[in-house]
Amino acid sequence: MDDLIVLISRKIVGKDARMKAIYEETRFETLCVSEPVSRSEFFAASQIGINPEALVIVSPVEYHGEKIAEYHGQRMSIYRTYKRNDNELEIYLQQALGLNA
């Protein structure tokens with residue numbers, strides 16, 4: 001594993017005066033391997049309005065259902081995961097709006 005990804009979990013801890021959710025984030029940095037998104041993945045995802053940006057491989061024990069990640073300084077959403085085997089979990093990332101709030 002030669003790269004880093006930050007997996008981010010969010011929990012609502014309250015609401016502000018306008019009743020907008022206030023989140024607390026927990027960040028967990030882990031090693032990963034970057035791979036290109038396959039043509040078939042790109043096509044299938046684009047059919048449902050998703051624009052795949054990256055595919056990273058992590059150890060399955062490091063992933064706990066997070067929906068947000070930071071990869072190469074960009075905040076992204078996790079739209080799909082796939083367990084290859086006992087040692088490798090694919091995490092598919094897309095650029096997403098509204099994750100910085």
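Two strands are said to pair if DSSP finds at least two bridges between them. In this predicted model, Tyr-71 has Gln-74 in β5 as its bridge partner, and four bridges in total join β4 to β5, the two strands running antiparallel.

## Overall architecture

The protein chain contains one helix and six strands. Read from the N terminus, its elements follow the order β-β-α-β-β-β-β. The six strands close into a barrel in the order β1-β2-β3-β6-β5-β4, with antiparallel pairing. Neighbouring strands of this sheet are turned by 40° against each other on average, direction ignored. In general terms, strands of a sheet pair through backbone hydrogen bonds, in either a parallel or an antiparallel manner.

Along its principal axes, the C-alpha trace spans about 45 × 30 × 20 Å. Of the 101 residues in the chain, 33% are buried. The accessible surface comes to about 6,600 Å², and carbon and sulfur atoms contribute 51% of that area. Among contacts with a separation of 6 or more, 54% involve residues 24 or more positions apart.

## Strand β1 and its partners

Strand β1 covers residues 3-15 and is joined to β2 by 12 bridges, the two running antiparallel. Within this pairing, Lys-11 has Glu-24 of β2 as its bridge partner. Strand β1 is also joined to β4, here by three bridges and again in antiparallel fashion. Ile-8 stands opposite Ile-68 in β4.

Ile-8 also provides a reference point for Tyr-63: the C-alpha atoms of these two residues, 55 positions apart along the chain, are separated by 10.0 Å. Tyr-63 is found in the loop between β3 (52-58) and β4 (68-71). This tyrosine is classed as buried because its relative accessible area is 15%, below the 20% limit for that class. Leaving aside residues up to four places away in sequence, Tyr-63 touches Leu-7, Ile-78, Thr-81, Leu-89 and Ile-91.

## Loops with positive phi

Most residues other than glycine have a negative phi. Met-19, which is not a glycine, has a positive phi of about 65° and is found in the loop between β1 and β2. With a relative accessibility of 57%, Met-19 counts as exposed.

His-72 is likewise not a glycine and has a positive phi of about 55°. The residue is placed in the loop between β4 and β5 (74-85), where the hairpin has two residues between the strands. His-72 counts as exposed, since its relative accessibility is 58% and the class begins over 50%.

## Salt bridges

Side chains of opposite charge can pair when their charged atoms come close.

| Salt bridge | N to O distance |
|---|---|
| Glu-25 and Arg-75 | 2.2 Å |
| Arg-27 and Glu-70 | 3.3 Å |
| Glu-90 and Arg-84 | 2.6 Å |

The side chains of Glu-25 and Arg-75 meet in a salt bridge. This pair links distant parts of the chain, with Glu-25 in strand β2 and Arg-75 in strand β5, 50 residues apart. Glu-25 is partly exposed, with a relative accessible area of 31%, whereas Arg-75 is buried at 15%.

A salt bridge also brings together the side chains of Arg-27 and Glu-70. Here, too, distant parts of the chain are linked: Arg-27 lies in strand β2 and Glu-70 in strand β4, 43 residues apart. Arg-27 is partly exposed, with a relative accessible area of 44%, and Glu-70 is partly exposed at 24%.

Glu-90 is buried, with a relative accessible area of 9%, while Arg-84 is partly exposed at 32%. Salt bridges with shared partners join Glu-35, Arg-84, Glu-88 and Glu-90 into one network.

## A nonpolar surface patch

Met-1, Leu-4 and Leu-31 make a nonpolar surface patch of about 290 Å². Leu-31 is located in strand β2 (residues 21-35). Leu-31 counts as partly exposed because its relative accessibility is 46%.

How values were computed. Residues are numbered from 1 along each chain as its sequence is written. This is a predicted model: local features need pLDDT of at least 70, side-chain atom pairs count only at pLDDT 80 or more; totals for chains, interfaces and linings use all residues. Side-chain values use heavy atoms; hydrogens and water are left out. Patches are made of residues with over 30% relative accessible area and no salt bridge: like charges are joined within 9 Å, nonpolar side chains (Val, Leu, Ile, Met, Phe, Trp, Tyr) within 5 Å. Accessible areas come from the Shrake-Rupley method with a 1.4 Å probe; for residues, only the protein chains shown count as cover. A salt bridge is a side-chain nitrogen of Lys or Arg within 4 Å of a carboxyl oxygen of Asp or Glu. Buried means under 20% relative accessible area, exposed over 50%, partly exposed in between (1.4 Å probe, protein chains only). Axes are lines fitted to C-alpha atoms, for helices over the stretch in contact, and angles run from 0 to 180 degrees between N-to-C directions. Contact means heavy atoms within 4.5 Å.
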